[in-house]
Amino acid sequence: MNNERRETIYNQAKEWILQAGTTIREKINDPLVVNTKSNPNDLVTTMDEATESFFVSRIKDTFPDHFIISEEGYGDNLKSLDGTVWIIDPIDGTMNFVHQKRNFAISVGIYHDGIGEIGFIYDVMSDVLYSAKRNEGAYKNDVKLAPLKKEIIPEEAILGMNHFWLCENRLVDEITMQKLVKKVRGTRTYGSAALEFAYVAEGIIDGYLTMSLSPWDVAAGIVIVNEVGGATTNIDGVQVNMLEKNSIFACNSDLQKYMLDFLQKGRK
Ligand code: IPD
Ligand code: CA
Ligand code: CA
Ligand code: CA
């Protein structure tokens, strides 16, 4: 993707994201229709759907040759990442949106022929926009994020993760996970994968570990974390496939080898 083209797409995406965020803030106290999807805790609201539909209609009108992968069913059913693909989570952290009215984000990653070119994570209620263009660094609003500091040791690391790791799971045995939780300085669960990626990029947590996420949860975050020199793979150290669900380990690259080796000891 040439720079001029990328700049046009970046500016347009940013405008739509800020616009969608303003709408969500204006309607935050309106009555909400909440439905469930795969299980009673898997929520979707009319705001998730309206926000996704806003992006999809704007993209289809303005960039008719672009493709869309998105959570709530308005996008395309893609079998390949050829061309320009917008990977969109209209509200990442729907449970937070419903229960807390904060701590959720709009996440938009834009890939070209499978390469992450642009990433946006918008913390809507805090009005904080994390953004990155490949090879041009990452930003929190207008402030460039520093490369992740080296020389972090596991004993001083804070890891983002969720409670499912401590329950029986299909990837890593529970004893190994308990040892890992004891090894590190602390763990945090924010309830929005996109924000957890943004926090890794910002250096306020040192890693984010999760068992199964969809492309729209991680597409933007991967671009942003890569731009501060972080590592973004699945828990086996393999590159994430943007057409499937993946386990995820995003981190300060200093931690990567230690953590991946640790997880492999309990790998099922
Ligand atoms: C969810 C959030 C949550 C993560 C879940 C995701 P959603 O996304 O990112 O933090 O633990 O796995 O599905 O459904 O709120 O967009
Ligand atoms: Ca969801
Ligand atoms: Ca999500
Ligand atoms: Ca979502």
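Modeller: Let us begin with the word domain, because the domain bounds used here come from an automatic or database domain assignment. Please keep in mind that this is a predicted model.

Biologist: Which domains does the assignment give?

Modeller: The assignment gives domain 1 (3–144) and domain 2 (154–265), and the C-alpha centres of domain 1 and domain 2 lie 21 Å apart. Their contact takes 32 residues from domain 1 and 24 residues from domain 2, and on the side of domain 1 that touches domain 2, E6 gives the most, with six residues. That side of domain 1 has 16 nonpolar, ten polar and six charged residues.

Biologist: From which domains does the shell around ligand 1 draw its residues?

Modeller: The shell around ligand 1 draws at least three residues from each of domain 1 (3–144) and domain 2 (154–265). Among the residues that surround ligand 1 are Glu 71, Asp 89, Asp 92, Asn 162, Ser 192 and Asp 217. By class, the shell around ligand 1 consists of two nonpolar, five polar and four charged residues.

Biologist: What makes E3 and strand E9 (143–144) edge strands?

Modeller: They belong to an open sheet of seven strands, ordered E3-E4-E5-E6-E7-E8-E9 with mixed pairing. E3 and E9 each have a single partner strand, so one side of each is left without a neighbour in the sheet, and that places them at the edges.

Biologist: How do you know that E3 and E4 pair?

Modeller: Two strands pair if at least two bridges are found between them, and four bridges join E3 to E4, which run parallel. Within this stretch, Ile 68 stands opposite Trp 86 in E4. Further along the sheet, E6 and E7 pair in the antiparallel sense over six bridges, and there Asp 123 stands opposite Val 128 in E7.

Biologist: How do you know that both faces of E3 are covered?

Modeller: Side chains in a regular strand alternate between the two faces of the sheet. In E3, Phe 67 and Ile 69 on one side and Ile 68 and Ser 70 on the other are all buried, and both faces are covered.

Biologist: Which helix lies across E3, E4 and E5?

Modeller: Helix H2 (residues 46–62) lies across E3, E4 and E5, and runs at about 160 degrees to E4.

Biologist: What is the order of strands in the open sheet of five strands?

Modeller: The order in that sheet is E11-E10-E12-E14-E13, again with mixed pairing. Its edge strands are E11 (186–188) and E13 (231–233), each of which pairs on one side only, and the twist averages 15 degrees from one strand to the next. Helix H5 (residues 193–202) packs on this sheet, where H5 touches E10, E12 and strand E14 (246–251), and the direction of H5 makes about 155 degrees with that of E12.

Biologist: Why is H5 called largely enclosed by the rest of the structure?

Modeller: Ten of the ten residues of H5 are buried, so the helix is largely enclosed by the rest of the structure. Those buried residues include Leu 195, Phe 197, Tyr 199 and Glu 202. Just after H5, Gly 203 takes a positive phi of about 85 degrees.

Biologist: Why is Glu 202 called buried?

Modeller: A residue is buried if 20 or more other C-beta atoms lie within 10 Å of its own. Glu 202 has 20 other C-beta atoms within 10 Å, and therefore counts as buried. Not counting residues up to four places away in sequence, Glu 202 touches Lys 140 and Leu 145.

Biologist: Why does Asn 135 count as exposed?

Modeller: The word exposed is used if 12 or fewer other C-beta atoms lie within 10 Å, and Asn 135 has 9 C-beta neighbours inside 10 Å, so Asn 135 counts as exposed. Asn 135 is found in the loop between E7 and E8, and its phi is near 70 degrees, a positive value in a residue other than glycine. Asn 141, which lies in the loop between E8 and E9, has a positive phi of about 50 degrees although it is not a glycine. With 9 other C-beta atoms within 10 Å, Asn 141 is exposed.

Technical notes
Residues numbered from 1 in each chain as written. Chains lettered and ligands numbered in written order. Predicted model: local features only at pLDDT ≥ 70, side-chain atom pairs only at ≥ 80, totals over all residues. Near = placed C-beta within 6 Å. Nonpolar A, V, L, I, M, F, W, Y, C, P; charged D, E, K, R; others polar. Helix = DSSP H or I, 4+ residues; strand = E, 2+ residues; numbered from the N terminus. Axes fitted to C-alpha atoms, helices over the stretch in contact; angles between N-to-C directions. Contact = placed C-beta atoms within 7 Å.
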